[in-house]
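Please look over the notes below with the model open beside you. They go point by point.

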Amino acid sequence: VGYPLKAGSHKKLKVEFQKRAGRAGTRLKNTGEEAIKRLKKTCPELALVDHVLEARKWGKQASTYLNVNFDEDERQRSSTAACALSTFRWKSGKTGRNTGFNDQTVPYNLRNIIIADEGKELIYIDSERAELWMVAWIGHIDTMLKLLRDGVDLHTLHASVMLKMTVEQVKNSPNRRDNESVERYVGKQTGHAADYAVGARTLCA
């Protein structure tokens with residue numbers, strides 16, 4: 001933009017968006033993610049939206065995983081509690097000393113910041129579609145079990161039904177989030193949320 005502009009400075013961002021987007025910008029009530037994405041649909045040439053979203057993404061990752069306190073020996077530690085949530089899932093987070101971060105949510109692009117001790121190796125264990133299998137098995141959902149046995153990608157299927165798109169449209173969508181389409185990600189998130197009895201208010205949010 002030609003001058004320093006913080007991605008979190010809503011007041012200055014609003015002025016800048018209004019200046020660049022003309023009449024559409026004057027209707028912008030806030031600079032939250034959904035609001036500026038709607039503005040981008042109205043003004044596809046507005047590259048500032050992409051820059052702001054990208055800056056916010058990296059800023060969030062930096063504040064969560066990089067700009068944090070570590071123990072005096074500079075080791076990453078976290079607290080983990082089994083069955084701490086109402087859904088009996090594990091809960092991970094900072095230690096009682098306010099150090100470290102949630103080991104379970106480190107994004108792929110930052111996992112190389114955690115280095116194993118000399119002579120040791122770090123491994124990543126995640127059973128493929130484990131939650132889906134558990135839901136289908138415990139719930140005696142024969143149709144779901146058959147789909148899983150047939151190798152059907154249920155997240156893509158769920159997204160196609162929910163968004164009224166074909167499976168191929170979901171797979172090949174140009175909207176990408178890491179290694180998957182945004183549509184598949186939405187299908188995955190809402191599907192898992194429904195498995196854990198999400199409320200209407202949370203689902204709509």
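1. In which helix is Met162 found? Met162 is in helix α7. Helices here are DSSP runs of H or I with at least four residues, strands are E runs of at least two, and both are numbered from the N terminus. Met162 counts as partly exposed because its relative accessibility is 35%. The cut-offs are these: buried is under 20% relative accessible area, exposed is over 50%, and partly exposed is in between, with a 1.4 Å probe and protein chains only.

2. A word on the basis. This is a predicted model, in which local features need pLDDT of at least 70, side-chain atom pairs count only at pLDDT 80 or more, and totals for chains, interfaces and linings use all residues. Residues are numbered from 1 along each chain as its sequence is written, and side-chain values use heavy atoms, with hydrogens and water left out.

3. Met162 also belongs to a nonpolar surface patch, together with Leu163, Val182 and Val186. Their accessible area together is about 250 Å². Two or more residues of the patch come from each of α7 and α9 (182-195). Patch residues have over 30% relative accessible area and no salt bridge; nonpolar side chains (Val, Leu, Ile, Met, Phe, Trp, Tyr) are joined within 5 Å, like charges within 9 Å. A salt bridge puts a side-chain nitrogen of Lys or Arg within 4 Å of a carboxyl oxygen of Asp or Glu. Areas come from the Shrake-Rupley method with a 1.4 Å probe, and for residues only the protein chains shown count as cover.

4. Next, helix α6, residues 142-149. Met144, Leu145 and Leu148 are buried there. Why are they on the same side of α6? They cover an arc of only 100° around the axis, so they share that side. The arc is taken from the directions from the helix axis to the C-beta atoms. Asp142, Thr143, Lys146 and Arg149 are on the other side of α6 and are exposed. The buried residues of α6 pack against α5 (130-138) and α7 (154-163). Contact means heavy atoms within 4.5 Å. Gly151 follows α6 and has a positive phi, near 80°.

5. Now the aromatic rings. The whole structure holds 2 aromatic pairs. Rings of Phe, Tyr and Trp (its six-membered ring) pair if their centres lie within 6.5 Å; planes under 30 degrees apart are stacked, over 60 edge-to-face, and the rest tilted. Tyr65 and Phe101 pair edge-to-face, at 5.3 Å centre to centre and 80° between the planes. Tyr65 sits in helix α4 and Phe101 in the loop between β2 (91-93) and α5, 36 residues apart. Both are buried.

6. Phe70 and Phe101 also pair edge-to-face, at 6.2 Å centre to centre and 85° between the planes. Phe70 lies in the loop between α4 and β1 (79-81) and Phe101 in the loop between β2 and α5, so this pair ties together parts 31 residues apart in sequence. Phe70 is partly exposed because its relative accessible area is 34%. Phe101 is buried, at 2%. Tyr65, Phe70 and Phe101 form one aromatic cluster.

7. Leu53 is in helix α4, residues 48-66. At 21% relative accessibility, Leu53 is partly exposed. Residues up to four places away in sequence aside, Leu53 touches Glu33, Ile36 and Lys37. Leu53 and Ile36 are 17 residues apart in sequence and 8.9 Å apart, C-alpha to C-alpha.
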